[in-house]
Amino acid sequence: MLFNSYVFWLFFLAVIVVYRLLPHRAQNRYLLLASYFFYGYWDWRFLSLILASTVVDYFMALKIEAAGNKHDARKFLLVSLVLNLGLLGVFKYYAFFANELLAALQPLGISASLPFLELILPVGISFYTFQTLSYTIDVYRNQTRPTRDFLDFALYVSFFPQLVAGPIERSSHLLPQVTQPRDTGGDQFRDGLYHVLFGLFKKIAIADNMGLVANSIFNTPAAELNGLEVLIGVYAFAFQIYGDFSGYSSIAVGIGRWLGFDLMHNFNQPYFAASPQEFWRRWHISLSTWLRDYLYIPLGGNRGSRIFTCRNLLITMVLGGLWHGANWTFLVWGLLHGLLLAVPRCFAGITPASRTPHYTPSITPARLLKIVLTFHLVCLSWLFFRAESLEHALALLRKLGSASWEITSLASFGGGMIVFYVAPFLIYEAWIEKKGDLLALTKAPWGWRAAAYLYFALMLFFFYASTPNEFIYFQF
Amino acid sequence: MNSFTSSFKSELKVVAAVLVGLLTVELGFGPLLPHLSLDLKHVLALPNIAERLQKAPHPRILCIGNSLTRAGIDPETLQESLEEAGIRDAGLAVAYPDASGINEWFFALRKYFLDPRGIPDLVVVITARDHLTDRPLALSRNSAYYCNGSDFRDVLFHELGSMDARTEFVLARYLKSYANRGRVQPRVFSRMIPRYQEFLLAQEQGKFKRRPEPGRPAPPDPDPRDPEFQRFESLLELGRDYGFEIAVFTAPMMKTYHLPSGALELIREKGAALVEGSALPGIGPENLPDGSHLDAEGAKVFSKRLGTELARLLLKKREA
């Protein structure tokens, strides 16, 4: 049940009509049922995994709190870690590492056999395992109190708007919204409408059409492409993945608002970042902060020498790459981002993250240059992310460096599509960036808002892609 | 909960303005339709084509196909060829919606051409290799233009499995803008994006489909099942039910081909006629400039042969 399908909106209509008639406790039970229905709609067998994760983490959190000392608490935390990471490992990484191990042993003359498991990757497993893990870790760190209501906790784990592709919510943020009566105040309907419409626009108009361009180019053997086509393919993919993922997140935030929840924003105009460090404060914020808090800082963060910090950054980003999937291309993508973050620190002593301004609305020529440079560095990493294999990525890179830059029909189509879809979108994002407020449009005069919504609606209606793609992040 | 309700009320004028905008688009779409594409102009003319055929003298011949038929039939040559072969004053109609196949032909036949006041004597299905094979229904166009009321209900309740498909099918039936929304983008892009048509042609020829890098094995066939021909069978049964003859005429392509064995069996079983036109003497690669559609010279050769074969069928029937 995808957010860009009619069936989802029929489902949501049925959910919200009844939901608004119920008192708080009944709302929670009803939302839990709806969330399990939503998840089971893909494959009811997946429900057993989410239930297992929920039951174990619920009890482990209580045990951690009840444990008299850190040593005992750590044992219960370990159970949670082993279960969640074990599930992830088996379903997501087993086949990859088994194959790689066998391939590595073969040249040594060792023929081994490992059990062959043909497993379907459960939708959203990486998202909800990270969400539940953060809960037990936070309880262990005394940063959150465990809930005693199992059904409330089950709703925190399985809340359907953000279940399969995030944002990965922390218990300290989402759980109180489950347990306490909700009225987040503000303009729930207005904000929700904006997020939903803008999200659908980003997914259906931007991402799916850019996917058409990117697929046409990445599906063609590298030998048949020229440098310009590869460049356009990479640009198209950069906006496909941004539109796709941020579109999903926007819709999740929007329907969350309509249900009275305040989910975190996952993106903040990432392609206006002026450095890789800033990019990671604007891109997939819920994952980057998760990795920072539960991996980078426990590894030592920037508390040691520069080399030590660089090591931590590299480990964090490589694992962040692998979080996306078991593939060398994701690993290299993570490594590249690790290097982009680490190298300036190691050699130039760039200002630490805490002292870098979080937000720089004024665009000077120097900043513009940095934005363009950062965008292209990120695009380089996207090439690895999207390529079928490392060989494919390297072949495309060679093409980028070649002298052949003829304007073919494919390049003309791709370039035209980018101008038509992405240029107005970027202008709008630049306006949000200048205003420094993700909800700037909702505060604009109503006529402007209506005009913008009509534009979104007409683009969805007439300029959808002939071959829509699934949400990319569902596979993670 | 209060904030939701109050927010809804305050945002009502924005929602209303957007709905008025969309309604204006829907109302403005009707007059625009014939200008959206030549194909649509032709589709909208199908009731008139059917009416003319009803009023035409016997034998009434309906040729139905897609753009291969549009490019391949020269009506004057066909009429002359029929007359030369002894069929004088035949009523002739040609229906050729672009990118259509067995689904559209079946529904169009039922909706426009089976009025008891003037059922055709002969329906000629002009096809290439795969147009008779069962395929997923093009929901919007079939709902809006090809399905009659009972076909609409049949498809909606018995054929479509998913709620998404059903919703699309219903929306396209009642909203002109929805049914034709797919025609806007190519129209705009062909004016805005240089070499857009060239790209589309390459895409249609499968140039940008996933292929393995040189030296890599090809991915397995995603759908290795045998093709099915249920809709084609239903179309052949229409001939029996309504008392008209059916002839299947294969259109010339770059490479000689044969219809799938399942389709051939059905043609034999249901007593339809088959004329192999896929490799006609006098038509060469030079007559297929884009690889599949005939040029004017090729169309003359094809139409002449079609006329001769149809006349033979009709005379044989007359004798019988």
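Predicted model: local features only at pLDDT ≥ 70, side-chain atom pairs only at ≥ 80, totals over all residues.
**Chain A overall**

I began with the secondary structure of chain A, which comes to 18 helices and zero strands. I then looked up the radius of gyration of chain A: it is 23 Å, close to the 23 Å that the globule rule gives for 476 residues, so chain A is as compact as a globular protein of that length. Along the principal axes, the C-alpha atoms of chain A fill a box of roughly 70 × 65 × 45 Å. I noted that 46% of the 476 residues of chain A count as buried. I also checked contacts in chain A between residues at least 6 apart in sequence, and 76% of these join residues at least 24 apart.

**Domains of chain A**

I took the bounds from the domain assignment, which gives domain 1 (29-173) and domain 2 (188-475) for chain A. The C-alpha centres of domain 1 of chain A and domain 2 of chain A are separated by 26 Å. Their contact takes 19 residues from domain 1 of chain A and 19 residues from domain 2 of chain A.

**Helix α12 of chain A**

I next went through α12(A), residues 285-299. This helix has 15 residues and reaches 20 Å from its first C-alpha to its last, close to the 21 Å expected at 1.5 Å a residue. I logged a kink of about 40° in α12(A), centred on Arg292(A). Which residues of α12(A) are buried? I wrote down Ile285(A), Ser286(A), Leu287(A), Ser288(A), Trp290(A), Leu291(A) and Tyr296(A). What covers these buried residues of α12(A) includes α5 (125-140), α11 (276-282) and α13 (306-324) of chain A. After α12(A) comes Gly300(A), and I noted that its phi is positive, near 125°.

**Thr467(A)**

I looked up Thr467(A) in the segment after α18 (446-462) of chain A. Is Thr467(A) buried or exposed? Thr467(A) is exposed, because 10 other C-beta atoms lie within 10 Å and a residue with 12 or fewer counts as exposed. The C-alpha atom of Thr467(A) is separated by 7.5 Å from that of Asp208(A), although the two residues are 259 apart along the chain.

**Chain B against chain A**

I turned to the interface, where 37 residues of chain B are in contact with 36 residues of chain A. On the side of chain B that touches chain A, the elements giving two or more residues are α1 (2-36), α9 (163-174), α11 (181-192) and α12 (196-204) of chain B. Of these, α1(B) gives the most to that side, with 13 residues. I recorded the classes on that side of chain B as 18 nonpolar, nine polar and ten charged residues.

**Domains of chain B**

For chain B, the domain assignment gives domain 1 (39-134 + 228-319) and domain 2 (139-207). I noted 24 Å between the C-alpha centres of domain 1 of chain B and domain 2 of chain B. Nine residues from domain 1 of chain B and nine residues from domain 2 of chain B make up the contact. On the side of domain 1 of chain B that touches domain 2 of chain B, α2 (38-44) and α6 (102-112) of chain B each supply at least two residues. I marked α6(B) as giving the most to that side, with six residues.

Terms used. Residues numbered from 1 in each chain as written. Chains lettered and ligands numbered in written order. Helix = DSSP H or I, 4+ residues; strand = E, 2+ residues; numbered from the N terminus. Buried ≥ 20, exposed ≤ 12 C-beta atoms within 10 Å, placed from the backbone. Rg over C-alpha atoms; globule rule 2.2 N^0.38 Å. Contact = placed C-beta atoms within 7 Å. Expected span 1.5 Å × (residues − 1). Bend = angle between axes of the 7 residues up to and from the residue. Nonpolar A, V, L, I, M, F, W, Y, C, P; charged D, E, K, R; others polar. Domains from an automatic or database assignment.
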